[in-house]
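Please open the model in your viewer and keep the selection tool at hand.

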Amino acid sequence: MFLTFPALGEVPDPTRSPIAALGRLMPSLRAFRILLLPVLFLALGVGCSKHHDSSADPGTAPTITTGPSDASTVTGRPVSFTVVATGAVTLRYQWAKDGTNILGALGATYTLPSPKVQDSGHYTVTVTNPNGTITSSPAALAVVSAVTFSAPVGVVLDASGNTYVSDMDDHTIWKVSPANQKTLLAGTSGFAGSLDGKGSNARFDTPGGLALDPSGNLLVADTGNHTIRRIAPDGTVTTLAGSAGAPGSADGVGTLARFNAPNGLAVTSTGAVYISDSQNHTIRLMAVDGTVTTFTGIAGKPGQVDGARATAQFNQPNGLALAPSGTLYVADYGNSCIRAISSSGTVSLLAGQYGTHGYVDGTGSSAQFYLPVGLALDAAGLLYVADAGNHAIRKVTTAGVVNVLAGSGSSGNADGVAAAGLFFLPCGVAVAPSGNVIVADTNNHILRSINPSATVSTYTAP
């Protein structure tokens with residue numbers, strides 16, 4: 001483009017040159033526009049298409065692929081409902097019981113950690129995202145009342161199938177009928193003491209092991225009082241030996257004898273009583289006339305010495321079981337093993353490894369236990385062990401062969417078969433007339449039953 005200058009005397013037109021230049025430029029712009037428009041339409045078309053996708057397709061509404069399932073449990077045993085849902089993020093959940101929203105129940109899983117009977121009902125979950133809402137079909141929950149205790153420890157059954165339980169933390173002794181009706185036999189809930197008397201007028205302090213004598217009286221190792229008590233069938237409580245609040249190791253008759261945290265009990269056919277005097281690390285023997293002597297072990301000297309009973313040593317002996325042959329089995333708690341005392345008085349290792357904790361089946365010293373507490377024998381001579389630290393029930397033959405009956409080695413609270421049945425620090429064990437093994441599941445606060453097929457169930461209230 002060239003600039004044009006005005007002639008002499010002519011007034012310059014400031015627009016002429018730009019207009020002229022623009023006129024000459026227009027044909028070029030028209031041609032460029034023809035070439036540019038398809039490109040612009042293409043670009044705009046693509047851009048509009050993208051914008052259309054995001055506004056017209058808002059995402060996927062939630063869909064429930066796996067809804068919550070019906071469930072049943074006992075009081076105090078955790079239970080959970082779970083839903084699996086898909087859909088555009090973010091999915092939000094709201095659980096409801098019988099149509100009423102549950103405060104704070106906002107996850108894909110809803111757990112009742114300690115259900116009560118009144119928690120029975122129908123549970124649903126509503127799943128929501130910005131694109132929709134869906135509600136699951138209802139899942140029914142049935143909660144059955146378990147027979148519960150504060151801390152059941154000792155357990156024994158009579159010939160009629162009644163179960164007697166010492167509740168360590170509650171300082172009471174209970175009777176549970178074959179129909180699972182629970183009634184107080186002696187003591188007052190929550191009140192420790194040492195009074196003799198009838199029923200709730202009597203007092204105990206952290207009662208432990210139980211045993212029945214040939215006359216049908218219930219014997220109690222009143223651990224916290226350092227005494228041995230007797231409860232008549234009518235609930236009358238009498239102190240047989242030891243002095244409340246006065247621990248010691250003296251032999252003697254009746255209240256002149258001294259114990260230090262007695263626990264396990266085993267009764268002979270004539271009515272004499274073996275007592276595991278746990279903190280004295282000895283086994284005591286109380287004759288029918290109330291005379292107490294030290295049967296084996298050395299008071300105040302824990303150890304792991306086998307041999308003659310006069311020189312043998314134990315470490316916090318606990319549960320006891322007496323075989324018809326006269327062999328006395330001892331749960332040597334502090335040594336994590338099972339000991340046997342022959343009728344001739346020789347102490348030997350039946351199973352486990354001295355001072356070694358573990359969860360291993362095997363024979364003799366190849367097996368391992370972890371703080372065994374309760375013992376019980378069945379009619380065939382098989383020994384059952386409440387292996388408290390392993391949260392399991394073990395069985396031991398007379399040859400020392402150890403196998404797990406139920407439990408997994410980890411704490412829990414579940415019914416099931418063998419390893420699927422879970423316990424939490426089981427301390428007491430007994431054998432029912434039916435052959436079922438009854439367990440005081442201490443930290444689950446309940447009683448359990450294991451049938452001959454190793455199926456674990458829970459005592460439930462009638």
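How many bridges join strand β22 to strand β23? Select residues 273-277, which form β22, and residues 282-286, which form β23. Five bridges join these strands, and the two run antiparallel. The model on display is a predicted one.

Next, select D277 and then T282 in β23; T282 is the bridge partner of D277.

Now extend the selection to the sheet around this pair. Five strands make up an open sheet, in the order β20-β24-β23-β22-β21, with antiparallel pairing. Which strands stand at its edges? They are β20, at 252-253, and β21, at 262-267. Each of the two has a single partner strand, so one side of each is left without a neighbour in the sheet.

The following stop concerns two cysteines. Select C337: its relative accessibility is 0%, and therefore C337 counts as buried. Then select C427, which has 18% relative accessibility; because the cut-off for buried is under 20%, C427 also counts as buried. A search for disulfides will find zero in the structure.

Finally, display the entire protein. One helix and 39 strands are present. Of the 462 residues, 45% are buried. The accessible surface of the protein comes to about 20,900 Å², and carbon and sulfur atoms account for 58% of that surface. Among contacts with a separation of 6 or more, 44% are between residues 24 or more positions apart.

Methods:
Residues are numbered from 1 along each chain as its sequence is written. This is a predicted model: local features need pLDDT of at least 70, side-chain atom pairs count only at pLDDT 80 or more; totals for chains, interfaces and linings use all residues. Side-chain values use heavy atoms; hydrogens and water are left out. Two strands pair if DSSP finds at least two bridges between them. Helices (H or I, at least four residues) and strands (E, at least two) are DSSP runs, numbered from the N terminus. A disulfide is a pair of cysteine sulfur atoms within 2.5 Å. Buried means under 20% relative accessible area, exposed over 50%, partly exposed in between (1.4 Å probe, protein chains only). Contact means heavy atoms within 4.5 Å. Accessible areas come from the Shrake-Rupley method with a 1.4 Å probe; for residues, only the protein chains shown count as cover.
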